[in-house]
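Have a look at the structure first, then work through the points.

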Amino acid sequence: MAKTYDYLFKLLLIGDSGVGKTSILFRFSEDAFNISFISTIGIDFKIRTIDLDGKKVKLQIWDTAGQERFRTITTAYYRGSMGIMLVYDVTNEKSFENIKNWIRNIEENASADVEKMILGNKCDLEAKRQVSKERGEQLAVEYQIKFIETSAKDSLNVESAFYTLARDIKAKMEKKQEASNPAGARSGAHQIRANEQQRKPTSWLSRCSLL
Amino acid sequence: MDLAKSLFSSRDHVGYVGREDHERKISAALADDDPEDMIDAIRGLNIADELLPAPGGPFSALTPSMVPQDIMAKLAQPESEGHGGGLPDYRFDEFGFCVEEEDGPEQSSNKLLADAFVEDDQHRLQWEFYSKEINFSDGEGKLEKTDKLQKMVKDGVPHSLRPQVWMHLCGANKKRASTEITYHEIVRASSDDGLVTSKQIEKDLVQILPNNVCFSHPTSTGVPRLRRILRALAWLYPDIGYCQGTGMIAASLLLLMEEEDAFWIMCTTVEDLLPASYYSSTLIGIQADQKVLRSLISTYLPGIDQVLNAHDIELSLITMHWFLTLYANVVHENFTKDLGSLLLGWFFGPIQDHLGHVEN
């Protein structure tokens, strides 16, 4: 089967319920905004292929339900994701405080080298803001994670957030490939050795090397 | 505000307890409203008392008490007061779902689907006769799985008879008759606002079917009913509490049947039809079914298996909510209804029979 892309990246959106994960994804995949969304039930996903430094990168983005009930289900997807967006709502203090819990969740369930990014969404609602941009930045520095404020409604920074995360994954992956495959060997076995933390290393790394 | 309160509460509350509390909520919801919207709503309500939907027209497939009278009134006089009557840019289908006018293909397919609601007299009579024969209303009635019934279910249940037929086939009538506590009592016991589950439910009520006029707004006709059913279920099954998928099923049922019937079908679904722990806090039943489905696909549908592997797609990303909502948010409403007959009446029927034998 002919592939229409060079890389496939799996990304995950997590955060408290109602922070706008689905809206962010809808903005990125359809370039639209809808004030009333159906609550995400369990898990959902969207796909968009972007062009990154001349390579076609297919992003498979998983959108998770915020309801506590689905936590056991959604953490099962952490392991397979290469990048995680942690989303909070700048008008909801609690959702910001919970970012720390979400990070702990990632540390317990995702592979150690997963790329992360923190998004402070709904930054268009300046009058209702409870979390300043500085506090977001501070938290990001503390955990050494990139941070950006977004507005799915006004289409602010959503595009650049996904591009940044994808670019970071790509850079990390190419670096790793170089290190493990200096002679450009095509054998999957070498890559498994270099990426033991990845549970299913052959599923995406071998694909990348075949291109 | 008082006027609005009296107008809304007179219709969307059918005599269950917690009325004052409910009115308080409505007035709070109204207070947040755009005043213009509210005036529109009041004007709409003043115009007429009970408007009936035209056959095959918007709202015509809804159970009559769900029909949004305010919007019916606006539809009845589109030219009112010179500014378009405040009608939105979209129209509503038989179940009250918003259909955007620009959705060309959707409209034409709707026309095909609309046939589902044009009932054939012969067909209806056949079912009416049959329902008398086996005495549907009798709660003790044993579900006899005959070839005749099987064929009739496969041929479809007339829309207007669906509530009765489903109630009987899935065993909800029996459950209601054999349960000591009444729905009324359960509603009274579960009307506590302070519970964590109540708060979760409140957050979700207008996010379950936001594109349906019966559930799009805190004052919509279906919202108080849905609130009572979800709270009642959470109270009745404390191990389950509130799980988001159930809201979708309950809301879909409420579109075509009365609140209490919908509640008993929900009870039967959760307790008898679905495998154990489907909606429990671990969701272990749902997760197990995903694995089973995946292995069935590998065995019986090699084509799909190949595509899933080639694109590295985790199947449960697509299918989990099919199971959580029993397809209520997956296929078109009209098909769901037929699927509902099959799911409730047939596929689960044998399981239920089987369980019945085990119990005896």
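Helix H6 (residues 121-133) and helix H7 (residues 147-155) of chain B have axes that come within 12 Å and cross at roughly 140°, so H6(B) and H7(B) are oblique to each other. This is a predicted model, where local features need pLDDT of at least 70 and side-chain atom pairs count only at pLDDT 80 or more, while totals for chains, interfaces and linings use all residues. Residues are numbered from 1 along each chain as its sequence is written, chains are lettered from A and ligands numbered from 1 in the order in which they are written, and side-chain values use heavy atoms, with hydrogens and water left out.

- Oblique is what remains once angles under 35 degrees are called roughly parallel, over 145 roughly antiparallel and 65 to 115 roughly perpendicular.
- Axes are lines fitted to C-alpha atoms, for helices over the stretch in contact, and angles run from 0 to 180 degrees between N-to-C directions.
- Helices (H or I, at least four residues) and strands (E, at least two) are DSSP runs, numbered from the N terminus.
- H6(B) passes H7(B) in a left-handed crossing (the near helix is turned anticlockwise from the far one by less than a right angle; clockwise would be right-handed).
- On the H6(B) side, the contact (heavy atoms within 4.5 Å) uses B:His123, B:Gln126, B:Trp127, B:Tyr130 and B:Glu133, and H7(B) brings B:Lys148, B:Leu149, B:Met152, B:Val153 and B:Asp155.
- Sorted by class, the residues where H6(B) touches H7(B) are five nonpolar, two polar and three charged (Ala, Val, Leu, Ile, Met, Phe, Trp, Tyr, Cys and Pro count as nonpolar, Asp, Glu, Lys and Arg as charged, and the others, Gly among them, as polar).

**H12 and its partners in chain B**

- Helix H12 (residues 223-236) and helix H13 (residues 244-256) of chain B cross at roughly 130°, their axes coming within 10 Å, so this pair is oblique too.
- The crossing of H12(B) and H13(B) is right-handed.
- Among the residues that meet there are B:Leu226 and B:Ile229 in H12(B) and B:Ala250 and B:Leu254 in H13(B).
- H12(B) also packs with helix H14 (residues 259-273) of chain B, at about 35° and with the axes 10 Å apart, in a right-handed crossing.
- The contact of H12(B) with H14(B) has eight nonpolar, no polar and three charged residues.

**The sheet in chain A**

- Six strands of chain A form an open sheet with mixed pairing, in the order S2-S3-S1-S4-S5-S6 (two strands pair if DSSP finds at least two bridges between them).
- Strands S2 (43-52) and S6 (146-149) of chain A are at the edges with a single partner strand each, so one side of each has no neighbour in the sheet.
- Strand S1 (residues 7-14) and strand S3 (residues 55-64) of chain A run parallel, joined by seven bridges, and A:Lys10 has A:Gln60 in S3(A) as its bridge partner.
- Helix H2 (residues 71-78) of chain A lies across S1, S2 and S3, at about 150° to S1(A).

**Where the chains meet**

- Chain A puts 29 residues into the contact and chain B puts in 32 residues.
- Together the two chains bury about 2500 Å², 56% of it on carbon and sulfur atoms (buried area is the accessible area, with a 1.4 Å probe, that two parts lose on being put together, summed over both).
- In chain A, A:Ile41, A:Gln67 and A:Arg69 lose the most area to chain B, together 26% of what that side buries.
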